[in-house]
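Biologist: Could you walk me through this structure, one feature at a time? I'd like to learn how to read it myself.

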Amino acid sequence: MPCQACASFTANRASGAYSLRCLHCCARLIKSARPLRRLQEGHIAALKRFHGAAWPDVWPEIQRLLKEASTTPD
Ligand SMILES: [Zn+2]
């Protein structure tokens, strides 16, 4: 389920709130860095550090959300 930060983003797209625990937020954060690949990679590295041992499970899920997001018009 999207978190509080997601809810405020839905209400106000200028909201810069992200919760690193929330995979929807992680996907939004990565997407927000596009098309700046270096910035995007920086975000991914930070998320990887944050999630630690859970990352191998978390990352495919984030990628799935990113894929979904890219098929939805902004
Ligand atoms: Zn969220």
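Biologist: Leaving aside its neighbours within four places in sequence, which residues is His-43 in contact with?

Modeller: Contact here is a distance test: two residues touch if their C-beta atoms, placed from the backbone, lie within 7 Å. Setting aside neighbours within four places in sequence, His-43 has contacts to Leu-29, Ile-30 and Ala-33. His-43 itself belongs to helix 3. One caution before we go on: this is a predicted model, where local features need pLDDT of at least 70 and side-chain atom pairs count only at pLDDT 80 or more, while totals for chains, interfaces and linings use all residues. As for numbering, residues count from 1 along each chain as its sequence is written.

Biologist: Where would I start with the overall fold: how many helices and strands are there?

Modeller: Start with the DSSP runs, numbered from the N terminus: a helix is H or I over at least four residues, a strand is E over at least two. The chain has four helices and zero strands, giving the pattern α-α-α-α along the sequence. Its radius of gyration, taken over C-alpha atoms, is 12 Å, close to the 11 Å from the globule rule for 74 residues, so the chain is as compact as a globular protein of that length. That rule is 2.2 Å times the number of residues to the power 0.38. Along its principal axes, the C-alpha trace spans about 35 × 25 × 20 Å.

Biologist: What percentage of the residues in the chain are buried?

Modeller: Burial is a neighbour count: with 20 or more other C-beta atoms within 10 Å of its own a residue is buried, with 12 or fewer it is exposed, and in between it is partly exposed; the C-beta atoms are placed from the backbone. By that count, 16% of the 74 residues in the chain are buried. Helix 2, residues 23-32, is mostly covered, with seven of its 10 residues buried. Those are Leu-23, Cys-25, Cys-26, Ala-27, Arg-28, Leu-29 and Ile-30.

Biologist: Back to that histidine: is His-43 buried or partly exposed?

Modeller: His-43 has 19 other C-beta atoms within 10 Å, so it is partly exposed.

Biologist: And how do helix 2 and helix 3 pack, in terms of angle and axes?

Modeller: Two packed helices are described by the angle between their axes and the distance between the axes. Axes are lines fitted to C-alpha atoms, for helices over the stretch in contact, with angles from 0 to 180 degrees between N-to-C directions. Helix 2 meets helix 3 (residues 37-51) at about 155°, and their axes are 8 Å apart. On the helix 2 side, the contact is made by Cys-26, Leu-29 and Ile-30; on the helix 3 side, by Gln-40, His-43, Ile-44 and Leu-47.

Biologist: What classes of residue make up the contact of helix 2 with helix 3?

Modeller: Ala, Val, Leu, Ile, Met, Phe, Trp, Tyr, Cys and Pro count as nonpolar, Asp, Glu, Lys and Arg as charged, and the others, Gly among them, as polar. The contact has five nonpolar, two polar and no charged residues.

Biologist: Last one: which peptide bond is cis?

Modeller: Most peptide bonds are trans. Here the bond from Arg-34 to Pro-35 is cis, with omega near 0°. Pro-35 is in the loop between helix 2 and helix 3.
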